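Please keep the sequence and the structure at hand while reading.

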Amino acid sequence: MKIGITCYPTMGGSGIIATELGIQMAERGHDVHFITSNTPFRIQFHRPNITIHQVDVNQYAVFQYPPYDITLATKIAEVINDYDLDVLHMHYAVPHAICGILGRQIARKDVKIVTTLHGTDITVLGYDSTLRSAIRFGIEESDIVTSVSDALTDDTMSLIAPKKDLRTVYNFINEKDFVPNNNQALKQSYGIPEDYKVISHVSNFRKVKRIQDILYTFKRVREQIKVKLLLIGDGPELSKMRRLAVKLNISDDVMFVGKQEQVANFYQMSDLFLLLSEKESFGLVLLEAMNCGVVCIGTRAGGIGEVIRHEETGLLVEVGDTEQAAAYAQRLLTDDDYYHQLQQNMMADIQNRFSSRSITDQYEAIYQELVNG
Ligand code: U5P
């Protein structure tokens with residue numbers, strides 16, 4: 001099949017999924033066309049069957065705002081016609097599904113549109129009534145719409161109420177990039193003594209991630225065992241969290257390592273991973289940590305409860321319950337048998353429910369269903 005993909009080519013979860021899916025489809029022999037404002041960050045070298053079409057938004061003084069959406073739609077139309085695309089896969093309802101629909105109209109071709117909802121557009125924009133009808137339109141005019149968790153499907157139904165069934169297709173990661181490897185050398189290079197445990201967290205440091213809860217949890221655990229906290233990523237909350245670590249008197253054991261491109265190494269030196277967000281449509285970082293063999297504690301928020309099966313493959317706490325999170329962390333870091341039991345279940349479960357092969361199969365079946373009518 002000839003597949004056009006539009007996503008934000010940045011480091012966030014949605015861009016990573018869109019890019020990995022395109023790579024997987026290209027490896028299966030499909031002809032993949034990325035139509036994006038920049039080369040997606042995981043495609044920095046040549047790959048067969050992948051073409052990048054860059055959307056250049058002109059900054060003419062005549063426009064008060066650069067017309068990104070219209071330029072993108074025009075580019076999509078051009079690629080539909082030039083390459084005779086069968087399917088467009090748009091990531092996010094707004095603006096990309098809308099641009100895909102407009103592009104299809106400009107091209108005057110019956111190309112099929114698959115839209116994947118990743119969360120931000122629904123949970124943030126769904127509250128903004130000015131955009132709600134546009135999101136609904138993007139969903140209803142797409143041929144098939146997928147969402148990355150049942151929790152996001154439910155949120156979309158209650159906030160947007162589209163007349164359209166959504167299908168949940170979970171996120172996945174490229175397993176080759178995230179493998180278990182007890183990375184003592186890296187731990188050493190960060191000056192972490194061998195007998196210290198490592199707790200980690202990876203995110204964009206936005207408020208919804210509740211990094212303060214990670215610090216409060218860590219403070220309690222640190223009172224009982226030798227442990228370091230590794231915080232990977234950067235964002236608006238970072239400097240506030242640095243100050244909080246100082247105030248809590250834990251800053252000697254908290255390492256802020258900033259934005260990193262090779263996050264796998266940090267998971268590999270971790271014994272426990274925390275994701276204590278108040279909202280999360282899926283929680284891709286959990287899947288990355290789990291594939292590296294790291295047991296996780298998450299909150300009962302959004303899709304986290306679908307990725308972690310409580311007391312089977314990891315542990316869940318209510319949002320803000322740092323006392324329970326600390327109690328669980330302490331048990332996991334001191335009771336090896338318990339840890340290995342959860343770890344074993346976790347490795348089997350992710351292989352079963354989130355393997356790149358089975359998720360790619362599901363998307364491929366969706367494309368095929370549309371193309372074969
Ligand atoms: N990420 C990085 N480097 C960082 C912070 C995050 O590569 O410094 C990646 C995570 O590994 C994950 C994505 O793939 O960004 C964040 O996913 P999400 O929080 O948007 O689901």
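Of the 107 residues in the largest nonpolar core, Leu215, Tyr267, Phe273 and Ile297 touch the most other members. A nonpolar core here is a set of buried Ala, Val, Leu, Ile, Met, Phe, Trp, Tyr and Cys residues joined through side-chain atoms within 4.5 Å. Helix 1 (residues 13–27) supplies the largest share of this core, seven residues. Because domain 1 (2–172 + 355–371) and domain 2 (175–353) both give residues to this core, it lies between them. Apart from it lies another core, of 18 residues, including Leu72, Ala77, Val79 and Ile101.

The model is predicted: local features need pLDDT of at least 70, side-chain atom pairs count only at pLDDT 80 or more, and totals for chains, interfaces and linings use all residues. Residues are numbered from 1 along each chain as its sequence is written, and side-chain values use heavy atoms, with hydrogens and water left out.

**Domains**

The bounds of the two domains come from an automatic or database domain assignment. Taken over C-alpha atoms, the centres of domain 1 and domain 2 are separated by 31 Å. Their contact (heavy atoms within 4.5 Å) takes 23 residues from domain 1 and 16 residues from domain 2. UniProt, in an unreviewed entry, lists residues 184–345 for "domain: Glycosyl transferase family"; its positions are given in the numbering used here, feature names are shortened, and annotations may be inferred rather than shown by experiment. In the model this span is 42% helix and 18% strand, and its end C-alpha atoms lie 24 Å apart.

**Strands**

Helices (H or I, at least four residues) and strands (E, at least two) are DSSP runs, numbered from the N terminus. Two strands pair if DSSP finds at least two bridges between them. The pairings are listed below.

| Strands | Sense | Bridges |
|---|---|---|
| Strand 8 (residues 197–202) and strand 9 (residues 227–232) | parallel | six bridges |
| Strand 8 and strand 11 (residues 272–275) | parallel | two bridges |
| Strand 11 and strand 12 | parallel | four bridges |
| Strand 12 and strand 13 (residues 315–317) | parallel | three bridges |

Strand 8 is mostly covered, with five of its six residues buried. Buried means under 20% relative accessible area, exposed over 50%, and partly exposed in between (1.4 Å probe, protein chains only). Val202 stands opposite Ile232 in strand 9, while Ile199 has Leu272 of strand 11 as its bridge partner. Together with helix 8 (residues 211–222), strands 8 and 9 make a right-handed β-α-β unit. Right-handed means that, with the strands pointing away from the viewer, the path from the first strand over the helix to the second runs clockwise. Leu215, already named for its core contacts, touches Leu229, Leu231, Met241, Leu244, Ala245, Leu248, Ile250 and Val254, not counting residues up to four places away in sequence.

A right-handed β-α-β unit is also made by strand 11, helix 11 (residues 284–291) and strand 12. In strand 12 (residues 295–299), five of five residues are buried. Val295, Ile297 and Thr299 lie on one side, and Cys296 and Gly298 on the other. Gly298 is the bridge partner of Leu275, and Thr299 stands opposite Val317 in strand 13.

**A buried glutamate**

Glu237 is found in the loop between strand 9 and helix 9 (238–247). Glu237 is buried, with a relative accessible area of 8%. Not counting residues up to four places away in sequence, Glu237 touches Phe205, Arg206 and Lys207.
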